[in-house]
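Have the viewer open while you read.

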Amino acid sequence: MSKPEWVKKCQTMLKSLTAHKHGWVFMEPVDPIKLQIPDYLDVIKRPMDLGTVKTNLSAGQIHTPEQFKDDVMLTFANAMRYNPAAHDVHVMAKTLSDQFKQKWEQGEQGIVDKYRFEQAGGGQGAGGAPDMSQMAGKRLVDSDFADDRAMSYEEKRELSNNMNKLPGKKLGSVVQIIHDRNHKILQPNGEDPDEIEIDIDKIDDATLRYLDTFVKEALAKKKKHKTA
């Protein structure tokens with residue numbers, strides 16, 4: 001069974017760290033006895049290293065992009081916490097931490113989007129993009145889109161932010177709705193074929209109004225379940 005695309009993306013990002021000239025320092029668990037630092041486990045409550053991250057990622061023991069990011073950052077945070085600022089290991093950890101933060105900021109959205117699509121059961125089409133034909137389900141009728149009032153910039157921004165809060169399955173439903181209304185709006189990212197781009201400005205007002213209601217109801221149910 002092939003690995004999920006989001007995992008492959010995380011592996012590529014991890015490889016860039018391990019290939020760095022300082023990467024080898026963080027590839028194995030810290031050995032307090034070998035390094036003669038008996039207080040290490042008193043200071044560091046949850047040890048982590050890039051080799052363990054790599055193993056866990058390959059074994060399917062890292063379940064979300066957020067968990068991957070946290071484990072990588074923990075590796076460097078531990079090193080900086082235990083070693084003084086002027087220590088070589090502290091300096092190397094900060095260098096790699098800064099590099100990872102930059103790469104994560106650049107690639108996070110694509111990884112998270114891919115993760116959500118896969119959690120929603122999105123299939124794989126040519127080039128690794130979700131196969132929208134596999135996401136087709138109940139078709140909506142024109143009467144569902146009676147409200148076609150123009151949506152303001154602020155309303156569009158709020159809708160976009162709310163969509164990012166949706167769990168995977170609901171996000172998949174949003175993609176299906178957009179696909180059913182106008183599949184041309186959903187386009188693979190030119191720089192990353194694994195990422196689907198949704199240009200909210202190209203969606204007609206009636207669809208935007210329907211999505212706004214759908215998303216708000218989904219978030220309200222999610223909040224209700226949390227407080228129940």
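Predicted model: local features only at pLDDT ≥ 70, side-chain atom pairs only at ≥ 80, totals over all residues.

| Helix pair | Axis distance | Angle |
|---|---|---|
| α1 (residues 5-18) and α3 (residues 50-58) | 11 Å apart | about 160 degrees |
| α1 and α4 | within 10 Å | roughly 15 degrees |
| α5 (residues 88-119) and α7 (residues 168-182) | within 7 Å | roughly 90 degrees |

**α1 with α3.** These two pack at an angle of about 160 degrees. Angles over 145 degrees count as roughly antiparallel, so that is how α1 and α3 are described relative to each other. The crossing of α1 past α3 is left-handed. On the α1 side, the contact involves V7, C10, Q11, L14, L17 and T18, while α3 brings in L50, V53, K54, L57 and S58. Sorted by class, that contact has seven nonpolar residues, three polar and one charged.

**α1 with α4.** Here the axes cross at roughly 15 degrees, and α1 and α4 are therefore roughly parallel to each other. This time α1 goes past its partner α4 in a right-handed crossing. From α1 you get W6, C10, L14 and L17, and from α4 you get P65, F68, V72 and F76. What classes do the residues in the contact of α1 with α4 fall into? Eight are nonpolar, with no polar and no charged residues in the set.

**α5 with α7.** The axes of this pair come within 7 Å and cross at roughly 90 degrees. That makes the two helices, α5 and α7, roughly perpendicular. R116, F117 and Q119 are the α5 residues in the contact, and they meet G168, K169, L171 and V175 of α7.

**The largest pocket.** How much space lies in the largest pocket? About 560 Å³. It is lined by 19 residues, and V25, V30, D31, L35 and V89 are the closest to its centre. Going by class, the lining of this pocket has twelve nonpolar residues, three polar and four charged. Which helix gives the most to that lining? Helix α4 (residues 65-82) does, with three residues.

How values were computed. Residues numbered from 1 in each chain as written. Heavy atoms only, no water. Axes fitted to C-alpha atoms, helices over the stretch in contact; angles between N-to-C directions. Helix = DSSP H or I, 4+ residues; strand = E, 2+ residues; numbered from the N terminus. Parallel < 35°, antiparallel > 145°, perpendicular 65-115°, else oblique. Left-handed = near helix turned anticlockwise from the far one by under 90°. Contact = heavy atoms within 4.5 Å. Nonpolar A, V, L, I, M, F, W, Y, C, P; charged D, E, K, R; others polar. 1 Å grid on protein atoms, 1.4 Å probe; cavity = no way out; pocket = protein on both sides within 12 Å on 5 of 7 lines; lining within 4 Å. Points joined across faces, edges and corners; volume = space filled by probe spheres on them.
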